[in-house]
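Please open the model in a viewer and follow the stops below in order. Each stop gives a selection and then a description of what is found there.

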Amino acid sequence: MIAQTAVVDPRAKIGTNVRIGHFCVIGPDVKVGDDCLIEDHVVLTGDSTLGEENHVFPGTVIGADPQDTSYKGTPTRVVIGDGNVFREYCTVNRATEKEEGVTRIGNNNYFMASAHVAHDCLLGDRNILANNVMLGGHAHLGNDITIAGAAGISHFASVGSLSFVSAMSRVLHDVPPYMIVDGQPAKPRAVNSIGLKRHGFSKEDTAALTKAFRLLYRSYVGFESAKEQLLTTGPIRPVLRELFDFLEYSVGGQKGRGRDRRRKAA
């Protein structure tokens, strides 16, 4: 099921029931899992591993060198899980040697046309990146995140699970879980109540997060005061614990990015 015009290196490891379209180029260190569909004009290069049932649309390039001027050809990797969709002209760069040496993408993510995943990024599961979303190097994403079109995520930024990033936002700081952020620079604007409802969270969870949002981003009582008010009285809901754990990590870094601790290594 490999088109006659495709160039597949004989050392590449191709699973069963894989379809590879016309004019694709598959490098020697590429591994493609079972039931993947690789459409026309796709380039898979470098040490890249794709799991099962991934769908890669025309023009996508996975595993090319990182766009980092200090990169010296180290044999770093891209590791992609199962069930992901890469629409037209997506790019996923392999890592540098500055962290773990791997750009990693989880399962069931959807990347719309021209989305870019830079070197050393780490993505969880079920995320949606709309057209022209740009992830800077070393960015980390949790699960069930939606990033709308043309948003830019700064290098070393972290985006918490079940958050929503509005279109054309300039994300310079970490995005707290369960929040909607918008603007240039992006700031928390509301609780992602629709996302919470869709994922089966209770009304009590939404109410607790709404109270936290008002204290943190409307009353401006400060992180420690809000934490004390919400985590010392009544039953502590897991969503609040996750929110404040994330914020505690973020404020420990520089410029609102907890992962900026890693910048000395990078």
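Begin by selecting Asn131, in the loop that joins strand E18 (128-129) to strand E19 (134-135); strands are DSSP runs (E) of at least two residues, and helices (H or I) of at least four, numbered from the N terminus. This is a predicted model, in which local features need pLDDT of at least 70 and side-chain atom pairs count only at pLDDT 80 or more, while totals for chains, interfaces and linings use all residues. Residues are numbered from 1 along each chain as its sequence is written, and side-chain values use heavy atoms, with hydrogens and water left out.

Asn131 has a relative accessible area of 36% and is therefore partly exposed, that is, between buried (under 20%) and exposed (over 50%), with a 1.4 Å probe and protein chains only. Next, display the contacts of Asn131 (heavy atoms within 4.5 Å): leaving aside neighbours within four places in sequence, these are Met112, Ala113, Gly149 and Ala150.

Now select Ile38, Phe86, Phe111, Leu135 and Ile147, which touch the most other members of the 43-residue largest nonpolar core. Such a core is a set of buried Ala, Val, Leu, Ile, Met, Phe, Trp, Tyr and Cys residues joined through side-chain atoms within 4.5 Å. A further core of 21 residues lies apart from that one, with Leu162, Met179, Leu230 and Leu247 among its members.

Finally, centre the view on Ile147: among the residues that Ile147 touches, not counting those up to four places away in sequence, are Ile128, Leu129, Val133 and Val165.
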